[in-house]
Amino acid sequence: MVIKLKTTIPSKDKGRLLMPLPYDETRVLDKLPTQKVIAVINKKKYTCNLFYKEDDIFYLHITRLIKKEVGLGSRVSLTLETTEENEETNKIHNDVLDWETSKCKHIMKEVGIKENDTIADFGCGYGHYTIGCALALENTGKVIAIDCDSKALKWINEKEKMFSINNIETIKTSGESTISLPDSSVDVILLYDILHIQDKNTGKSLAPSLYKEAYRVLKKNGILSILNFISDVKTMKMENNQQMTFDDIHNDIINVGFSFSHSVENGVHFDWYHSSYRLKKGLLFSQLEKGVIQNYIK
Ligand SMILES: C[S@@+](CC[C@H](N)C(=O)[O-])C[C@H]1O[C@@H](n2cnc3c(N)ncnc32)[C@H](O)[C@@H]1O
């Protein structure tokens with residue numbers, strides 16, 4: 001789809017410039033929370049993100065390159081083209097965003113998140129569960145999203161702005177197996193799709209250290225929430241090199257001092273969603289692996 005309009009690049013810029021577009025001209029576009037478009041300005045093509053919020057307005061992200069080459073305050077002829085990639089993959093992007101903002105919020109409430117809690121999402125990745133936690137807090141409390149991948153954390157910051165959420169704090173680590181939070185400071189800690197990963201520095205499984213660290217940073221009666229998938233547990237080995245099972249993970253957690261609390265269905269494995277090979281093949285949300293969230297009390 002191609003739409004043409006005349007507009008002025010705003011002259012004020014607070015760092016990340018989201019330019020509102022006139023709704024009458026853009027109403028024919030798909031109302032997706034986020035999509036990639038080609039913006040043609042002065043005959044030059046720029047790949048940009050286009051956001052749609054509930055206020056019925058599309059916002060075009062004016063990239064650093066546009067600011068540099070076109071300039072703030074310039075009157076321009078703008079052509080927007082939706083990309084081919086959009087047509088193939090928009091459905092799953094939209095389904096993932098919908099899941100994060102509705103279904104996940106309810107899952108997090110079932111886990112036990114309540115208003116004013118402090119949540120730590122260790123190994124948060126692209127924040128599929130961070131956003132649901134932040135929304136389950138109903139604009140109170142705080143989610144501390146911890147990861148060693150700065151690109152993933154940046155994306156969480158983008159989503160936070162997009163959904164007007166302001167209770168997420170991001171912490172970039174160097175990939176160690178300790179959690180840089182004080183003792184007894186957290187109400188709920190998520191260890192989702194992370195226990196099969198190895199410490200970048202020592203090459204050892206992160207799991208044993210993370211269970212102890214979770215116990216240390218949780219307040220009394222705080223919740224350790226874990227999510228593992230069959231496809232990953234198959235790859236995990238015990239110290240004696242034997243195949244790890246879900247029962248072994250459970251026993252390791254109990255041995256650190258936790259008590260089992262409850263299970264919550266419908267955890268989602270997002271690994272295929274981050275594979276460009278799978279996306280190109282036309283991945284559907286329903287094809288993502290599901291797992292059971294297990295919750296323990298300190
Ligand atoms: C498989 S992803 C899971 C992401 C998210 N929890 C989810 O379920 O969608 C694992 C994430 O853990 C991060 N990670 C791996 N080792 C880490 C470490 N030692 N400290 C912090 N983050 C780590 C990776 O960068 C990646 O984003």
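Predicted model: local features only at pLDDT ≥ 70, side-chain atom pairs only at ≥ 80, totals over all residues.

Reply: The protein chain is divided into domain 1, residues 2-82, and domain 2, residues 87-297, with bounds that come from an automatic or database domain assignment. Where they touch, domain 1 brings 9 residues to the contact and domain 2 brings 8 residues (contact means heavy atoms within 4.5 Å). About 900 Å² is buried between domain 1 and domain 2, and carbon and sulfur atoms give 56% of that area; buried area is the accessible area, found with a 1.4 Å probe, that two parts lose on being put together, summed over both.

UniProt, in an unreviewed entry, lists residues 121-225 as "domain: Methyltransferase type", an annotation that may be inferred rather than shown by experiment. In the model, the end C-alpha atoms of residues 121-225 lie 10 Å apart, and the span is 31% helix and 27% strand (DSSP runs, of H or I over at least four residues for helices and of E over at least two for strands).

Residues are numbered from 1 along each chain as its sequence is written, and side-chain values use heavy atoms, leaving out hydrogens and water. Local features need pLDDT of at least 70 and side-chain atom pairs count only at pLDDT 80 or more, whereas totals for chains, interfaces and linings use all residues.
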